[in-house]
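My notes follow in the order I looked things up.

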Amino acid sequence: MLGITLAAGLVPAATAAEPPPIISRLESPMADAAVIELPPDAPAETTPMLLVLDAERIAPSMARLSILRRGGAWDRVEVLDVDLERDDLDARWLVGLGGGRYSLIATSRATGAGTDHASVVGLEVRHDGGSHALVETGRSRIDAAVSYSGSADVDGLGTPELVLGLEPLHDPSEPCGISSLLVLDAASSMVRRVIDVPGHLGSGVIGRWDGAPGDDLLVHASAGCPDPETTARLVSIRLRDGTETTMVPTLRARVSDVPPPLRVRLSDDRPDVAFANLGDTLGLIDIDTRGPVTVATAPGQALVAGPDTAADRPAIRISWLDRDGVHIAHVRDTPRDLLQVTDRRELGADVVGSERWGMVVAAVATDARLHGLPSAWLGAVATEGCPDLVLPGAIESCGSGELRPGATWLATRIATVLPIEGRATTLIAAGIGWDPLAGLPPSPTPSMAGPPGWWRHGASTAFVLSEVRGSDVVYFRDFPSPKATIEATTDKDGSSTLPGYTGTRLFVSIRPLGEDEEGPDVAPSKIESLLHVPSGGVVRTVRVPVPPGNESGRDGSFTTLGLSEITKDGTPSSRWSMRVVPINDWGEVGFPVVRTITRDALGPTLNLETPFTNPVWPFLAHLDGRAEPGSTVSIDGGPALDVDERGRFTVDTRLAPWPQTVRLVATDASGNTSIGEFSVVGGVDYRQFPWALIVALTLLGLVAVRGLSSAGRGRTGGVEATAWSLGVLDDAARPEIEELPPGSGLAPR
């Protein structure tokens, strides 16, 4: 009885449906995110807040913005839905303008057909005690597509304004076309100034490039006609009045191929220095010096530039990448205003590793071309006030003096570092967008990750955010590569379950197969798997979610991928060839895995109890049954029965006192069908009697009865009486010996 009682108490806990997992708000796809500046009088314990632009659309013309505040997890405390009034404004991003002001830019994709449009919406986060409001402050509509944007103190008065670079418009008087720069007021979003520049504009950076008040745009521009894309030059455009100064006349490269320069601010009392590609070399450009200072004698990509407070004396640390490896150095200003480059170090491509180095170079090239922002970080990650240098494939932690191999940072980047629960916590933006035709999966470019003077090139790829300990980022040595597993069959609903550590993104290419068609059984290399998709295949990106308040990469979980909608020539498929490439939040790439998956074609389990006794007609019998949860059950194709979440159901029928068949049909979520025929009898089901045992017991009883009756009667035969037995032998009587035939004796003992 005690065992029964305990079992009864445990059954509900064991069979109750598990609650759905709680999804962190950071796992919802984002189009952009910015850190909200707290007011000066905010208490020290005020938790961080983010302004988030959702990637998923509530309607084609609507944009949803949210304020997230970090409590036990990231909670949405304010929502603003903005009607953009057009359905074709697909590219959307944010530009921070300081003082709690932001601009939402929404533009159509540039077509060159003269039908492009854009809309700029001014936003402000207002603080009132403990509450926060997000309000619209103004908007402008533009009859052109926006390609570039940035924040600039145009007049030198300390108030940032929005600067936009539009797609070039063709003008009969200008065979190279005209590129327009717009300056918009930060408060009203109204256009204040228009600057037209002949030709095309490309990547650039905003800074103070001359001695005049206000910020300027240092930008790559076309150098001549008739093909404005064949050559490029580097020019400085004063945003206050449009004055143009050529810094490098010829770069011998296409405007669209030149990577963006970086701003180097040595001090507040002198013009900025540009760290830029000079065509065949990489160098520093200062308008007040005699000429460029060569940093590298080979073309390369500038990665990061910023103050190095850990240096022996004030300096700017710069880093770049070229074909030979990753390099770092310090830049200082001498008493004669001459630039000095010292403390050069490098990490060779052979140390990084050939496969990893190939992925680093390809990823940096993709990021520079698509968004103009390589995945790199210079700033305090683990210890406040002590900057760490995190680069693709390399890292130099604060105070170590060692440039060593690090994480790959493919399709991911450090977005910001915030104080959370008393320690520095890194927010990592993990990209979930993938277009193999554009190159490797790009790193996302959220607004909060932009370098000083960022001349942003378009919208970011969609991303999610993870909280990661600063120590996990800085002390990277040999982070384990993620692994992928593919099951041989789908689940009942046609989905495939993919396990992995939390935060792992799975870049999946899927090709539906015909009945007799076989998929490959060997995966290409990591790069090839991300660059080339089999003909007729589709790509998907899924992620093993990180629960609210948890850290990425510390627990195992799983995600699911639906395959039912992936058809072959419009016809539903039952077999697919799947390739999975896992990438974690550090951009480490695991080995690709391939497998052919078959749709689950097994029908659901089905059972019906046939009791020993049942009510007989005309009374109603209730027969309990059970099927696979999620299935539908009917009696011989009739109306569906009521099936609970555990798959239990009841068949109500009237039974005659002889065998009859109940035919049930069960269908699972994938359309697989099971048919069960169950024979039942009304009244007592005599077929369930143990007839064999009954017959055996009957025979044993008969034998026993016969034995007892024989014991009650006398014997009918016996030994014949003789003179010996009667005791009447006389003296003349003698024993007789009878001769027996051979072999008739007793067997020997």
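**Entry 1: an open sheet**

I began with an open sheet of 4 strands, which run in the order β5-β6-β7-β8 with antiparallel pairing. I take two strands as paired if DSSP finds at least two bridges between them. Strands here are DSSP runs of E of at least two residues, helices are runs of H or I of at least four residues, and both are numbered from the N terminus. At the edges I found β5 (91–98) and β8 (131–142), each of which pairs on one side only. From one strand to the next the twist averages 20 degrees; the axes are lines fitted to C-alpha atoms, and angles run from 0 to 180 degrees between N-to-C directions.

I then looked at one pair within the sheet. β6 and β7 are joined over 7 bridges in the antiparallel sense. Arginine 101 has glutamate 124 of β7 opposite it.

**Entry 2: what I am looking at**

I note that this is a predicted model, in which local features need pLDDT of at least 70, side-chain atom pairs count only at pLDDT 80 or more, and totals for chains, interfaces and linings use all residues. Residues are numbered from 1 along each chain as its sequence is written, and side-chain values use heavy atoms, with hydrogens and water left out.

Among contacts between residues at least 6 apart in sequence, 58% join residues at least 24 apart; contact means heavy atoms within 4.5 Å.

**Entry 3: the largest nonpolar core**

Which residues touch the most other members of the largest nonpolar core? I listed Leu65, Leu84, Leu104, Leu123 and Leu134, out of 21 residues in that core. Such a core is a set of buried Ala, Val, Leu, Ile, Met, Phe, Trp, Tyr and Cys residues joined through side-chain atoms within 4.5 Å. The elements giving two or more residues to this core include β1 (30–35), β2 (49–54), β6 (101–107) and β7 (118–128).

**Entry 4: proline 444 and alanine 411**

I found proline 444 in the loop between β31 (423–431) and β32 (456–457). Proline 444 is buried, at a relative accessible area of 0%. Among the residues it touches, leaving out those up to four places away in sequence, are Ala411, Thr412, Arg413 and Phe463. Proline 374 is 70 residues from proline 444 in sequence, and their C-alpha atoms are 9.7 Å apart.

Alanine 411 is buried, with a relative accessible area of 1%.

Last, I checked tryptophan 617 and proline 618, which are joined by a cis peptide bond with omega about 15 degrees. Proline 618 is in the loop between β41 (613–614) and β42 (620–627).

How values were computed
Buried means under 20% relative accessible area, exposed over 50%, partly exposed in between (1.4 Å probe, protein chains only).
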